[in-house]
Amino acid sequence: MNQNPQTVLITGAAGHLGRAVAAHFRQRGARLVLLDRDVQALQADYGSDTGVLLAQVDLMDRAAVAASVQQACAHFDGLDSVCHLAGGFRMGEAVHETSAQTWDFLMDLNARTLLNVAAAAVPQLLARGAGQVVTVGAGAALRGTAQMGAYAASKSALIRLTESMSAELKERGINVNCVLPSIIDTPDNRSAMPDADHGSWVAPAALADVIGFLASPAARALHGAAIPVLGRV
């Protein structure tokens, strides 16, 4: 049985959820590959940690993502798990008024980035013959609502990509699943919605626990699941 520490790739690592997921795995002795455009935000926490590799990368640049993953795999001798957290939200126009800019921005941010990360990381997992991929969708992707058509479509696309990856990879030892959080309790969301019931939102650390489970051998029986994480509702 392999006793080496787990090596986990985390995208969007500088965000509130990214920091929570990184802390979850680091507390368990994992080696981390943290990707973000704002890598300086991670330096204070992990700059001197030899078990953490930081990489500044634009996930829309497929070549740059591939280079970062290759560097990480050479540094840590492979890769075990991928937590693709990068993504984002934007209220949009009504569907009949949706601009190409809004559509492209959200589809790039929430779907194309997964394609680029998968292109770089999945071959590494296949070479190892095992591993996990966890993506972050959204509860809002399950049903379209007003002024959120493009967002819901982009996150729905991510869910479908996750399911397709699972169907393609489950017979090759790789589990692919996603979480569907409701509103994540972050300072940015509190600022944007000051009058909301923040107590019903999902704490980043609680969502990190679910992601951590899915990115572990304990989730070996789960394939293509889209798991709602709703906090206290």
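Modeller: L161 has a relative accessible area of 25% and is therefore partly exposed; buried means under 20%, exposed over 50% and partly exposed anything in between, with a 1.4 Å probe and protein chains only. The model is predicted, so local features need pLDDT of at least 70 and side-chain atom pairs count only at pLDDT 80 or more, while totals for chains, interfaces and linings use all residues. Residues are numbered from 1 along each chain as its sequence is written, and side-chain values use heavy atoms, with hydrogens and water left out.

L161 belongs to helix α5. Helices (H or I, at least four residues) and strands (E, at least two) are DSSP runs, numbered from the N terminus. Leaving out neighbours within four places in sequence, L161 is in contact (heavy atoms within 4.5 Å) with A111, L114 and L115. M193 is 32 residues from L161 along the chain, and their C-alpha atoms are separated by 30 Å.

With 21 residues, α5 reaches 30 Å from its first C-alpha to its last, close to the 30 Å expected at 1.5 Å a residue. The expected span is 1.5 Å times one less than the number of residues. The buried residues of α5 include A150, Y151, A152, L158, I159, T162 and L169. An α-helix has 3.6 residues a turn, so residues three or four places apart point the same way. The buried residues of α5 pack against β4, α4, β5, β6 (174-181) and β7 (226-229).

One of the buried residues of α5 is T162. What does its side chain meet? The side chain of T162 makes a polar contact of 2.8 Å with the side chain of T135. A polar contact is a pair of N or O atoms within 3.5 Å; within protein, one must be able to donate a hydrogen and the other to accept it, and residues adjacent in sequence count only if both atoms are side-chain atoms. T135 is found in strand β5 (residues 131-136). Its relative accessibility is 0%, which means that T135 counts as buried. Not counting residues up to four places away in sequence, T135 touches H84, L114, L158, T162, N177, C178 and V179.

β4, α4 and β5 make a right-handed β-α-β unit: with the strands pointing away from the viewer, the path from the first strand over the helix to the second runs clockwise. Helix α4 (residues 100-128) has 29 residues and should span 42 Å at 1.5 Å a residue; its end C-alpha atoms are 40 Å apart, which agrees. α4 bends by about 45° at D108; the bend is the angle between axes fitted to the seven residues ending there and the seven starting there. After α4 comes G129, whose phi is positive, near 80°.

The loops remain. M91 lies in the loop between β4 and α4, and its relative accessible area of 46% makes it partly exposed. Leaving aside neighbours within four places in sequence, M91 is in contact with A146, Q147 and M148. M91 and A150 are 59 residues apart in sequence, yet 8.4 Å apart in space, C-alpha to C-alpha. Q147 sits in the loop between β5 and α5. Q147 has a positive phi of about 60° although it is not a glycine, and at 37% relative accessibility it counts as partly exposed. D77, in the loop between α3 (62-76) and β4, also has a positive phi, near 60°, and is a residue other than glycine. D77 counts as exposed at 63% relative accessibility.
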